[in-house]
Amino acid sequence: MSAQAQPVGGSFFSPGVRILSGIAGLGALAIAWRLLRGLGATTALNDGYPFGLWIAFDVVTGTALACGGYAVAILVYVLNRGRYSPLVRPALLTSALGYSLAGVGVALDVGRWWLLWKVPIYFWHWNFNSVLLEVALCIIAYTVVLWIELAPAFLERWRDSQVRLQRRLAVVALPALERGSVWIIALGLLLPTMHQSSLGTLMLLADSRLHPLWRTPWLPLLFLLTCVAMGYAVVVFESAFASLAFKRRPETAMLASLAGAIVPIQGFVVVFRLADLAWRGSLGLLFSSDVRALMVWAELGLFLLPVALLAQPANRRDLGALVRAAIAMMGAGALYRFDVFLVAFSPGTHYAYFPSLTELLVTLGLLAAEVMAYIFIVRRFPILSGGPGMAPERQTAS
Amino acid sequence: MAISRRAALKGLLVGGAAAAGVAGAPDPGGAVARPVPPADAVGLLYDATLCIGCKACVGACQEANDLPRDPTGLGPQYNAPIDLSQRAKTVIKLYDDGEVSSFFKAQCMHCVDPACTTACMLGALKKREFGVVTYEPDLCVGCRYCEIACPFNVPKFEWAKMAPKIVKCELCKQRLAVGREPACTEVCPRQAVIFGTRSDLLQEARRRIAAAPGRYVPKVFGETDGGGTQCLYLSHVPFDKVGLPTLGDRPAPELARSIQHGLYRGFVAPVALYGALAIVMMRHRKPSATADS
């Protein structure tokens, strides 16, 4: 697709990467600690809050932030907006990394991780009533699909490799991937549609223990909408980050129209949620003194902030304002998901949860590892390309 | 220049057709066929008016199920579980507000339509013989979704262990298998908790209410609550005061399940969406590979 994509080149161990590797190192220690001591000793999880930071953030929010690949694919392949295709590869990369690390998060979170292999294999035991099973199988499949979609970026580089095996692999696999691309990309659109909506269905099983401010049969739709909005926001954020970090010309115009596309989604989510609360007769709960009402107000505010920011045409031409709007969008979706999984869930008065240091370090470490992997890969493989109508700017290797 | 709002929404519509369309179809809760108790369903009947709070059932349960002693409630001198935990599959609680008081027994309710078995990916938790919800650790990855799902807060997790399992009352399945009743009913000195088939217990509960008007809240908890449970309760104190949730007649997993099954019935929607996506892309591809519309 992105024939003009080029490796950024340059040295990997910049000062920023050194800091990231320190955080990732602490995360690795925290992971070792969790594996050696067990969940009880290292996390704040308990029988009232069996899902904590790792599920609510690393998996539920992390995979939504990794929906850039999905969101851009809708734009480029379903709506046929080919001019956005330079955004496809970087979006796929953040998606592949995000989903892979969410998988690491799951493996650390489950208590009996050495049996996880049974989930995709033991099909004769599959419980088709289990929303979690569908989510798990979809996420596994989608992670594989993402790396296959991204494979040409690696193969294109290996085509000129000194290693014979890599060259052979590239020659065989590249045309095959090109021929099958429609079916692979369609799978890459179908699977997130399925599991991102099902992540919303997941908490509906808590039923009476889910607070009425969030308990609506429309949770699957709201989760799907928010993951698409978050996906676009991440692409804006990531693209601005790449132009800053690698001193490339920012694709402000393209990002502006991309951010503009999110405005109707964000606005729709707010209107829809208020209408749904009114329909279910729960609108009054918004004005209760419960801290949960405050959380919903915070969500709605964050959803509307980018709408307000981007309403001013001047802001759409300003990269800084675009990034601020993107951060607000990511924050809105993240807070919404966090609330559904942690704040809305009420197991009873004598349970409380706040993530432990180990949990926080693991989450931060995984994030740092993700950013490091991104930097490493875009420096060595053809992921980023100059925007259309713009000479691909090569960084002067210093 | 900019993507039009209409185009963005159209994209969402195509992308989310399945989810939006089918989830939106009003799901008539009443029309869904609800599971009924299995023919061989057994359970417990606990009568709070008879219980003297001796907690013999708690100790007997720990012994019968090889559970460790539980000093977490009152300190190392006492084996006194204060709530269901990895060390206690049943506990006796007390409700006392100065005017009325009642002991209360907690254990798995063995729902007719359990949320935990709906949640469980590989069926580690499943209604097996006698409708008892039992646990197969070989099929459990320790995800704890059952703990999220259970409206009674019953499944517990062995947080301290390196190979943790889910802990919950399995109605002494090892004793049922050899024709013995559960440890808690066998040991109860007042027969406050008795064992039997669900239909017998239901009949007995109704008989007690009819025989002593005014003695009980005129309702058998578990007859229909949350779609019905195999463990039934009689009480002189309102059920919500003694820690039983107000559930209505609808099974707890019904909403999530009807949405999930609505979306994925026969896997038609995903396959149709997949085909539609592939067709759309092939049509885009034909004239020229990178043409912008």
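**View 1. Strand β1 of chain B and its parallel partner.** Strand β1 (residues 42-47) of chain B pairs with β9(B) in the parallel sense, over three bridges. Strands pair if DSSP finds at least two bridges between them. Helices (H or I, at least four residues) and strands (E, at least two) are DSSP runs, numbered from the N terminus. One bridge joins B:Y46 to B:Y233 in β9(B). The model is predicted: local features need pLDDT of at least 70, side-chain atom pairs count only at pLDDT 80 or more, and totals for chains, interfaces and linings use all residues. Residues are numbered from 1 along each chain as its sequence is written, while chains are lettered from A and ligands numbered from 1 in the order in which they are written.

**View 2. The open sheet of chain B.** Three strands line up in the order β8-β1-β9 (chain B), with mixed pairing. β8 (193-197) and β9 (232-234) of chain B are the edge strands; each has a single partner strand, so one side of each lacks a neighbour in the sheet. Neighbouring strands are turned by 20 degrees against each other on average, direction ignored. Axes are lines fitted to C-alpha atoms, for helices over the stretch in contact, and angles run from 0 to 180 degrees between N-to-C directions. Helix α8 (residues 198-211) of chain B packs on this sheet and touches β1, β8 and β9 of chain B. The direction of α8(B) makes about 20 degrees with that of β1(B). Contact here requires C-beta atoms, placed from the backbone, within 7 Å.

**View 3. The two sides of helix α8(B).** The 14 residues of α8(B) should span 20 Å at 1.5 Å a residue, and the end C-alpha atoms are 20 Å apart, which agrees. The expected span is 1.5 Å times one less than the number of residues. B:R198, B:L201, B:L202 and B:A205 are the buried residues of α8(B). They fall within an arc of 100 degrees seen down the helix axis, so they line one face of α8(B). The arc is that of the directions from the helix axis to the C-beta atoms. Their cover includes β1, β8 and β9 of chain B. On the other side, B:R207, B:A210 and B:A211 are exposed. Buried means 20 or more other C-beta atoms within 10 Å of the residue's own, exposed 12 or fewer, and partly exposed in between, with C-beta atoms placed from the backbone.

**View 4. Where chain A meets chain B.** Here 63 residues of chain A are in contact with 68 residues of chain B. Elements of chain A that give two or more residues to this side include α4 (68-78), α7 (131-158) and α9 (181-204). α9(A) gives the most, with eleven residues. By class, this side of chain A has 39 nonpolar, 17 polar and seven charged residues. Ala, Val, Leu, Ile, Met, Phe, Trp, Tyr, Cys and Pro count as nonpolar, Asp, Glu, Lys and Arg as charged, and the others, Gly among them, as polar.

**View 5. Helix α4(A), mostly covered.** Eleven of the eleven residues of α4(A) are buried. Among them are A:G68, A:Y70, A:I74 and A:V78. A:N80 follows the helix, with a positive phi near 60 degrees.

**View 6. A:T349 in its loop.** A:T349 sits between α14 (319-343) and α15 (357-380) of chain A. A:T349 is exposed, with 7 other C-beta atoms within 10 Å. The C-alpha atoms of A:T349 and A:A141 are separated by 39 Å; the two residues are 208 apart along the chain.

Key
Contact = placed C-beta atoms within 7 Å.
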